[in-house]
Amino acid sequence: MSLTASHKNASFDLLEQLSSQVDVTSMLARVTDATAAVKGGILVSTCNRFELYVDVDDQHPDALADAVEAATDAIAEQCEVPAEALSSTWHVTTKQDTAEHLFSVASGLESVVVGEGEIAGQVRRSLEHARGAGTTTSDLERLFQHASTTSRGVKNRTPLGQAGRSIVRLSLELAASRVTDWSTARVLLVGTGAYAGASLAALRDRGVTDVSVYSGSGRGAEFAASHSIRHVDPDGLHTAIASSDVIITCTVSEDYVLNAELLQRARIEFALSHSQAHVHEALHRDETPGCPVNHDAYQLVIDLGLPRNVDPDVGDVYGVELLDLETIRIHAPLEELQATDTARTIVRAAARNFTRAAAEESLSPAVVALRRRAHVVLNEEIARVQRGDPDGTAAAALRHMMGRLLHKPTSRAREFARSGEHDRYLDALSVLFDLDVDIPSDAAPEQTSA
């Protein structure tokens, strides 16, 4: 089962609240401890997405409803949002629909920018976090590993994987009308998080050479050294802010790293350190829309953080344009329909195959029990004829015959499992061979049209 709040069904403010309070280990512990109906969970919390994948114990009475309610209450309490707001927002999927949804997410088909590359890595890291928290299960492991395999298939077999589009690149495309010459632009990266490396790569693709990085976490120097860019220490932050044409924030900080007061103070200090005559100009930069990049006239701030890294009041400062995730989402381009259709076909097929394989595996205990019973009988017969069979001819014939007899019931097990008719197969084993095998009731797949 999955519970999803995303840019498609949730407000930006709700997503920001969910993301700002995420302690993955604590969140997963709360959910899995909330009810016996939940065997395990994995949380996928990314930009514009908050999803919980739950392994539900269908042996528990009212398992699905109990799991949804318990998970909703646990998340609402930790994230300090009304449970009613979550309940009215969740997109809930079960069984094959859950597999298809996760495979679509991992392949970038549910992203703001269809085909974005970062999401596949984020899904993989979500599995790693669940492993660290001890909340994953064998079923969730298989689900997420198949999601990674499917995303690679989509990337390799459709143009979506070749485009290399992402939220970072889209934000720079939207800024292109403002920044007329990227080769002369001075850029300050604030943060070393998931988007920092992608931002730097996208900037270099556009010809940017003057990039510096600041990190309040203390990781800036290491990031700067590994990427051959300048490091900004705390004493130089104001100068870097005031003198940059473009500021890109991409941290996981829960607090604003830039607001109007800080920006104005940085401009004043920068102006005073150069010339008193520049103080007024620093406070009142040119408001002309669309002016070309020039640190004396225009400044672009791109906020890639969720929760927001930049206080919205920065957009009210003279000469500053603020571009945040909400704005980027509004301007996201239409999907490449043909490529998307092909990708969704791949995802649907992968989800069907995954569900069928899981169903087939669910009847494995019954097949093993049947084979074990058959081999007991076979060994008894081989022992009975052993004295009159010195060269083993009769034993070999008995083994061959038993193999042929078991072939049909073994292959039929796969057929019954795929169609969800587990009970028919188990009833047959009980009636014909007096074998009673306990199979979880959640093993049967939902009936879906091809």
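Colleague: Which residues gather in the patch of positive charge on the surface?

Modeller: Keep in mind that this is a predicted model. Helices α6 (118–133) and α7 (138–157) each supply at least two residues of the patch. The residues that gather there are Arg124, Arg125, Arg152 and Lys155.

Colleague: And is Arg152 buried, partly exposed or exposed?

Modeller: Arg152 has its place in helix α7. Buried would need under 20% relative accessible area, and exposed would need over 50%. Arg152 comes in at 45%, so the call is partly exposed.

Colleague: How many salt bridges does a search of the whole structure find?

Modeller: One of them pairs Lys8 with Glu110, the closest N and O atoms being 2.7 Å apart. Lys8 sits in the loop between β1 (2–6) and α1 (12–20) and Glu110 in the loop between α5 (96–106) and α6, so this pair ties together parts 102 residues apart in sequence. The search of the whole structure turns up 15.

Colleague: What about Asp13, which residue does it form a salt bridge with?

Modeller: Asp13 is partly exposed at 47% relative accessibility. The closest N and O atoms of its salt bridge are 3.8 Å apart, and the partner is Arg308. The pair links distant parts of the chain, with Asp13 in helix α1 and, 295 residues apart, in the loop between β9 and β10, Arg308.

Colleague: Which helices does the salt bridge of Glu141 and Arg131 tie together?

Modeller: The two side chains meet at 2.8 Å, N to O. Glu141 is buried at 17% relative accessibility, whereas Arg131 is partly exposed at 42%.

Colleague: Now the cysteines: how many disulfides does the structure hold?

Modeller: Cys79 is buried at 2% relative accessibility, and Cys250 is buried at 3%. A disulfide would need a pair of cysteine sulfur atoms within 2.5 Å. The number of disulfides in the structure is zero.

Colleague: Last one: how far apart are the C-alpha atoms of Leu306 and Phe12?

Modeller: Leu306 is in the loop between β9 (299–303) and β10 (320–324). With a relative accessible area of 15%, Leu306 is buried. Leu306 and Phe12 are 294 residues apart along the chain, but their C-alpha atoms are separated by 9.3 Å.

Definitions and conventions. Residues are numbered from 1 along each chain as its sequence is written. This is a predicted model: local features need pLDDT of at least 70, side-chain atom pairs count only at pLDDT 80 or more; totals for chains, interfaces and linings use all residues. Side-chain values use heavy atoms; hydrogens and water are left out. Patches are made of residues with over 30% relative accessible area and no salt bridge: like charges are joined within 9 Å, nonpolar side chains (Val, Leu, Ile, Met, Phe, Trp, Tyr) within 5 Å. Accessible areas come from the Shrake-Rupley method with a 1.4 Å probe; for residues, only the protein chains shown count as cover. A salt bridge is a side-chain nitrogen of Lys or Arg within 4 Å of a carboxyl oxygen of Asp or Glu. Lys and Arg count as positive and Asp and Glu as negative; His and the chain ends are not counted. The place of a charge is taken as NZ of Lys, CZ of Arg, CG of Asp or CD of Glu. Helices (H or I, at least four residues) and strands (E, at least two) are DSSP runs, numbered from the N terminus. Buried means under 20% relative accessible area, exposed over 50%, partly exposed in between (1.4 Å probe, protein chains only).
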